[in-house]
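Me: I'd like to learn how to read a model like this one, feature by feature. Can you walk me through it?

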Amino acid sequence: MAAAGPLTIVEPWVRAADAEMTAGYMMITNSGETDDALVTASSPIATVEIHETIVENEIARMRPIDSLVIPAQGMTELKPGGAHLMFIGLTEPLNPDDTVEITLTFESGAVLKLTVPVRDAGMMPAMDMDHGG
Amino acid sequence: MSQEPADPQNRAPLTLLIAAALVALLAIAVFVVVILTRSSTPAANDPAASGHSEGGVAIVDPAQQSTGVSDVEPKVISAIPLQSTTGEDISLTDFAGQYVVLYFGYTYCPDFCPTTLTDFRLTQRQLGADAERVAFVMVTVDPQRDTTEVLQAYMARFDPTFIGLTGDVDSLQQVADEFGAFFQSNDTGDSPYYMVDHTATKFLLDPQGRWVAQYAYGTPVDVMAADLKARLGTE
């Protein structure tokens, strides 16, 4: 787990992808007394934006957001169907067992550098052997 | 798991290194527990499947969200030819004898579509031997980027039996209209990485090519699988 001051990153992962776009997910906990916010994310392999997902009347829309609040004494989860890091313009496919370098910058000035595993969502490694991506 | 803090204590004494190793082991243990938990309840931890929004910003209006199966008045679907990843031109009525679970999506969609197709894969596995009686199909809402080749590679990442369909925009719009589905490209010409807004509902066609039911966004895998099993007469 990566940590900087009160911020801790739990179980980060990036979705395996052939296309030029994919998404990254994680839980960010804040044990501090004040709110913080994720303001930028970057990676050597792609442009990264912070996105939110909105579903209204069964219509799914994704939009970039400027920041994502991590509440004091709380946790914000980036997860499928919710807020996520969007990787734009991947130069190469990402396969399970690859890793992705991600740097997160927070409103407080905290900077976290992560090495994040690539995963196929919802699949157990043993179950995925016959359908390896 | 090899994340490192941004301000590493490079000259940490041995005790700190040992402590760090223990923390790493703990992290691995937590990771394994999470994986095991997920393997026993594949839908329970999928936020998209549960419609759960705690701590996130997925905006789900409960009044508009049934997260389940709805039967619809059976409707015969028009035979609108599309190009298939199987290499032929087919329409949604060409799956005679199979149920069709249909999703409108696109391969550049980084979050929703792979989540849905992962749900398809988990649903298919719950069907066991009956899986061959259900076709899982994604109709693209982004024909500009989704050629049959692109779709084929994308669908195969989820399951080699999954089928992708594309066509010209008019044909795709006609297909969407059959189901009252919506899609709208945000392509402004400024970037090749535009998003497409689209209906997230999964539509179910029966073996006679009639639209008979739909699964709302967020319907758990277990619910979809149980519904399909009931229709297949295996429960």
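**Reading the model**

Reply: Let's start with one residue's surroundings: leaving aside neighbours within four places in sequence, A:Ile70 is in contact with A:Leu7, A:Ile28, A:Thr29, A:Asn30, A:Asp35, A:Asp36, A:Ala37, A:Leu38, A:Thr76 and A:Phe106. Contact here means heavy atoms within 4.5 Å. This is a predicted model, in which local features need pLDDT of at least 70 and side-chain atom pairs count only at pLDDT 80 or more, while totals for chains, interfaces and linings use all residues. Residues are numbered from 1 along each chain as its sequence is written, chains are lettered from A and ligands numbered from 1 in the order in which they are written, and side-chain values use heavy atoms, with hydrogens and water left out.

Me: Is A:Ile70 buried or exposed?

Reply: The general idea is a set of cut-offs: buried means under 20% relative accessible area, exposed over 50%, and partly exposed in between (1.4 Å probe, protein chains only). A:Ile70 has a relative accessible area of 0%, so it is buried. You'll find A:Ile70 in strand E7 (residues 68-70) of chain A. Strands (E, at least two residues) and helices (H or I, at least four) are DSSP runs, numbered from the N terminus. A:Ile70 and A:Leu38 are 32 residues apart in sequence, yet 7.2 Å apart in space, C-alpha to C-alpha.

Me: Which residues does A:Met86 touch?

Reply: Not counting residues up to four places away in sequence, A:Met86 touches A:Met21, A:Thr22, A:Thr47, A:Val48, A:Glu49 and A:His51, plus B:Pro110 and B:Met195 from chain B. A:Met86 lies in strand E9 (residues 84-88) of chain A, and its relative accessibility is 1%, so it counts as buried. With A:His51, the C-alpha atoms are 6.4 Å apart for a sequence separation of 35 residues.

Me: How many helices and strands does chain A have?

Reply: Chain A has zero helices and 11 strands. Buried residues make up 59% of its 133 residues. Take the chain A contacts between residues at least 6 apart in sequence: 64% of them join residues at least 24 apart. Chain B has six helices and 12 strands, with 48% of its 235 residues buried.

Me: What about backbone angles? Where is A:Gln73 found?

Reply: The general idea first: most residues other than glycine have a negative phi. A:Gln73 has a positive phi of about 55°, although it is not a glycine. A:Gln73 is found in the loop between E7 and strand E8 (74-78) of chain A, and is exposed, with a relative accessible area of 53%. A:Asp97 also isn't a glycine and has a positive phi of about 85°. The place of A:Asp97 is the loop between E9 and strand E10 (99-106) of chain A, and at 74% relative accessibility A:Asp97 counts as exposed.

Me: Now helix packing. At what angle do the axes of H3(B) and H6(B) cross?

Reply: Axes are lines fitted to C-alpha atoms, for helices over the stretch in contact, and angles run from 0 to 180 degrees between N-to-C directions. Under 35 degrees counts as roughly parallel, over 145 as roughly antiparallel, 65 to 115 as roughly perpendicular, and the rest as oblique. The axes of H3 (residues 112-127) and H6 (residues 221-232) of chain B come within 9 Å and cross at roughly 45°, so H3(B) and H6(B) are oblique to each other. The residues that meet include B:Leu122 and B:Gln126 in H3(B), and B:Met224 and B:Leu228 in H6(B). The residues of this contact divide into seven nonpolar (Ala, Val, Leu, Ile, Met, Phe, Trp, Tyr, Cys and Pro), three charged (Asp, Glu, Lys and Arg) and two polar (the others, Gly among them).

Me: Which residues form the disulfide?

Reply: A disulfide is a pair of cysteine sulfur atoms within 2.5 Å. The structure holds one over all chains: B:Cys109 and B:Cys113 form it, with their sulfur atoms 2.3 Å apart. The link of B:Cys109 and B:Cys113 is right-handed, with 95° about the S-S bond. Both B:Cys109 and B:Cys113 are buried.
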